[in-house]
Amino acid sequence: MIRLCFVCLGNICRSPTAEGVMLHLLRQEGLQSQVQVESAGTAAYHCGERADSRSRAAARQRGVELPSRACQFQASDFDRFDYVLCMDSSNLQNLAAQAKGNQRQKLHLLLDFDPNSPKGRNVPDPYYGGQHGFEEVLDLCFSACHHLLQFIKQHHLVNQD
Ligand code: 4NP
């Protein structure tokens with residue numbers, strides 16, 4: 001079992017979208033029993049809330065459900081996950097400051113798995129903007145999660161094809 005955690009600031013827009021998109025792709029490929037997916041925020045403002053209604057509406061238009069309830073990333077979560085996929089460099093720096101020893105190696109920017117994105121690119125925060133931002137988050141998550149899943153299949157699920 002490979003365990004992924006997507007992380008953003010509030011855990012109500014970007015990381016729940018990445019989580020829902022990855023669950024959708026895993027179901028399409030019949031791999032949901034082999035890859036566990038969760039999400040979390042670096043902040044606790046929205047703990048317990050469902051994903052933002054604008055994120056859920058945009059995702060539903062593409063056949064993607066966002067099942068998460070917001071929670072804050074805990075230092076102990078580093079041991080629960082193999083890959084901690086940050087939506088932006090501020091989220092990554094925040095977690096890097098909490099990481100000990102080889103936990104640092106679990107931290108990645110999600111878009112660094114996407115060959116279509118330049119290295120170091122952030123998923124822009126859509127919270128204070130319009131509908132376009134939520135569509136852009138979905139576009140970026142679909143592309144990056146597709147490539148992340150290919151990477152995981154190659155490196156961890158080599159006997160499964
Ligand atoms: P997210 O977006 O990090 O993609 O979930 C945000 C959600 C809430 C806030 C900021 C960003 N906020 O300031 O409440």
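The largest cavity is lined by C13, T17, S55, A58, P126, F134, V137 and L138. Two elements, α2 and α4, each supply two or more residues to this lining, and α4 gives the most, with three residues. Classified by residue type, the lining comprises six nonpolar and two polar residues, with no charged residues. The volume of the largest cavity is about 30 Å³, and the structure, which is a predicted model, holds one cavity of 30 Å³ or more.

Helix α4 covers residues 131-156, a run of 26 residues. At 1.5 Å a residue, a helix of this length should span 38 Å; the C-alpha atoms at its ends lie 36 Å apart, in agreement with that expectation. The buried residues of α4 are G133, F134, V137, L138, L140, C141, A144, C145, L148, L149, I152 and K153. Among these, F134, V137 and L138 also belong to the lining of the largest cavity. The cover over the buried residues of α4 includes the strands β1 (2-8), β2 (35-41) and β3, together with the helices α1 (14-29) and α2.

Residue S68 is located in the loop that connects α2 (53-61) with β3 (83-86). Its relative accessibility is 7%, and S68 therefore counts as buried, the cut-off being under 20%. When residues up to four places away in sequence are not counted, S68 is in contact with P16, E19, S39, E49, R50 and A51. Of these contacts, P16 and E19 fall within α1 (14-29), and S39 falls within β2 (35-41).

Methods
Residues are numbered from 1 along each chain as its sequence is written. This is a predicted model: local features need pLDDT of at least 70, side-chain atom pairs count only at pLDDT 80 or more; totals for chains, interfaces and linings use all residues. Side-chain values use heavy atoms; hydrogens and water are left out. Helices (H or I, at least four residues) and strands (E, at least two) are DSSP runs, numbered from the N terminus. Buried means under 20% relative accessible area, exposed over 50%, partly exposed in between (1.4 Å probe, protein chains only). Contact means heavy atoms within 4.5 Å. The expected span of a helix is 1.5 Å times one less than its number of residues. On a 1 Å grid over the protein atoms alone, a cavity is a set of points where a 1.4 Å probe fits but cannot get out, and a pocket is an open set with protein on both sides within 12 Å along at least five of seven lines; lining residues have an atom within 4 Å of a point. Grid points are joined across faces, edges and corners, and a volume is the space filled by probe spheres set on the points. Ala, Val, Leu, Ile, Met, Phe, Trp, Tyr, Cys and Pro count as nonpolar, Asp, Glu, Lys and Arg as charged, and the others, Gly among them, as polar.
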